[in-house]
Structures are given as structure tokens and as C-alpha cells.
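Here is a short note for a colleague who has not seen this structure before. The points are numbered and can be checked one by one.

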Amino acid sequence: MHTSVESLFAALWQDYIQITPSAHAVHQLLAAEGEEIINDHVAFRTFDRAKINLDKLAAHFTALGYEAKGDYDFTAKKLTAKHFEHPNTTYPKVFISELRVDELSDQAVAIVDGLIAQIPDDAAQAKDFLYSGPQWQVSAKDYRTLLAESEYAAWMSAWGFRANHFTVSVNQLQSGLSLVEVNQVLKDNGFALNTSGGEIKGGEDVFLAQSSTMADRYQVKFSDETLEIPSCFYEFAQRYHLPNGELYHGFVAASADKIFESTNAM
Ligand code: OOG
Ligand code: NI
């Protein structure tokens, strides 16, 4: 386990930008305009198997003072998710989802369990677990089989444990740019946005508006061949005040359902 939130997120960011050059480029672009970028949240994915499930990932954050807040269910995508917040609200929120593997076909279940069998029982306790990548060998053949059933399962098989995305807190941009304006800057600079459910998912009516880039594409060496596949993406979140005056800190399942698709092949 990391002993500070800062060191954990610094390690996660370094791992993330290695396979997400566009996130680094967007970060540099905003920083060049004098922005100091604050993260709204960081997201993780996993399989619901005891060795490495949502709770095993969450333990790294609860050990640092994070607390479980919202629960989410994505029926069609076969996912369960939770979000976590730290009492120090300057720290990013954390969104962790897990795939309900047994809802896949027997063939896909066998592939996923074959991957998990390759990792040590105590893998999730390692200090670097949250950015340890795929701790298994996977073939392009199996990747394709998973892809036909679940983009999420295929993504996990290729990328393993790492930050799936960081998220810019649009509320905290010193320039005061709105989400619409941020999206325009991104498009003007040639970044592709996820348009599933519209460029902006949600809005003031659900107290959270979100947009994201489409994941970068990256050459991955599988055990049998190399494929160019989607890696990770960058998200932008604008939060609104609830009727009681508090800023909304939760997520919106209908919007998240579309954000997941940022790692779909275009
Ligand atoms: C998580 C998608 C959900 C959000 O902000 O709604 C999400 C993922 O793609 O793993 O991050
Ligand atoms: Ni997100």
C-alpha cells in the first residue's frame, strides 16, 4: 500500500500517460494556458473474482482514508460499481467497477478465469497493484473472443490493473471555461470526443455534466500477435449544486454507461 494519496496518484498518472499520450497532451495544452489541473476522479476496472475484485482495489484507497459512497449497477454491461470519497475533498474521487464474469458465456468465463489463475493469490496486496497492468499472458485470439461479448472484458484482458482514466475538474479551471468550451478547445486541437449519448452526457438537471476523449490506440503485443487496440481516455466533469446548496459529488449511471464506451474501437 502507498503511504500517501499524493504518491499513489503520482504513480498512477505516470503509468497512465505512458499509454495515453493524448491525456498528457491535453494536460500540457491546458497547463500552457496557465491552468493548474485538479482531478475530479480516477476510474478503475476489474473482474468480480475474489483475488482481484472491486473490494481488493478499494482496500488501497480505504487504507488511505477513502470512504465508500455511491453504488451503481449497469445491467447491459454486466457491471457493478462503487465510488469513494476522501474527507479531504481536494483529493480525487475514485470510481471502481467490476465485471460480473458469470454473466458471460461459458467460453468467456473460462478465458477470464484462465487469466486470473496466472496471478499470485496475494497479487492485490502489492504496493504497485493498482498500476501493475495485466499480470497474465493473453492471446489476441482470446482478446477477440472476449471483445465479441464484452468490450470491458477485452479491455481488462489487454490492460489489466491501472487507471482507466483521469478526469479534469472543469469547475476548478482558473480560466472559468465551461464544459462546452473545453470540448471546443479539444476539437480545435484535433482530439476525438466520445459522442455516444451526445458529446456531453448529463447536465445541470442531474447535477453532473461529463465529456471524454476517445481512448488512444496502442500497439499491444499479445502472446500470438500484435494488435492496435484502444488504451485509455481523458474525461472532463462539470458539477452543479444540489437544491440544498451542496456541490453534487456522486456519479450518474446513465452517463457513466456511455463513458464506458470511450474505450470501444471507433
Ligand atoms: C468508467 C466509466 C464511468 C464516469 O465518470 O461516469 C465513469 C470506466 O470507463 O471504467 O468513469
Ligand atoms: Ni469517469
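1. The shell around ligand 1 divides into 6 nonpolar, 4 polar and 2 charged residues (Ala, Val, Leu, Ile, Met, Phe, Trp, Tyr, Cys and Pro count as nonpolar, Asp, Glu, Lys and Arg as charged, and the others, Gly among them, as polar). Among the residues around ligand 1 are Ala43, Arg45, Phe95, Glu235 and Phe260; a residue is near a molecule if its C-beta atom, placed from the backbone, lies within 6 Å of it.

2. This is a predicted model, in which local features need pLDDT of at least 70 and side-chain atom pairs count only at pLDDT 80 or more, while totals for chains, interfaces and linings use all residues. Residues are numbered from 1 along each chain as its sequence is written, and chains are lettered from A and ligands numbered from 1 in the order in which they are written.

3. Strand 1, strand 4 and helix 8 (253-259) each give two or more residues to that shell. Helix 8 gives the most, with 3 residues. Helices (H or I, at least four residues) and strands (E, at least two) are DSSP runs, numbered from the N terminus.

4. Strand 1 (residues 39-47) is largely enclosed by the rest of the structure, because 9 of its 9 residues are buried (20 or more other C-beta atoms within 10 Å of a residue's own, with C-beta atoms placed from the backbone).

5. Strand 1 runs parallel to strand 4 (residues 93-99), joined by 7 bridges, and His41 has Lys93 as its bridge partner there. With strand 5 (residues 165-169) strand 1 runs antiparallel, through 3 bridges; Asn39 is partnered by Val168. Two strands pair if DSSP finds at least two bridges between them.

Conventions:
Buried ≥ 20, exposed ≤ 12 C-beta atoms within 10 Å, placed from the backbone.
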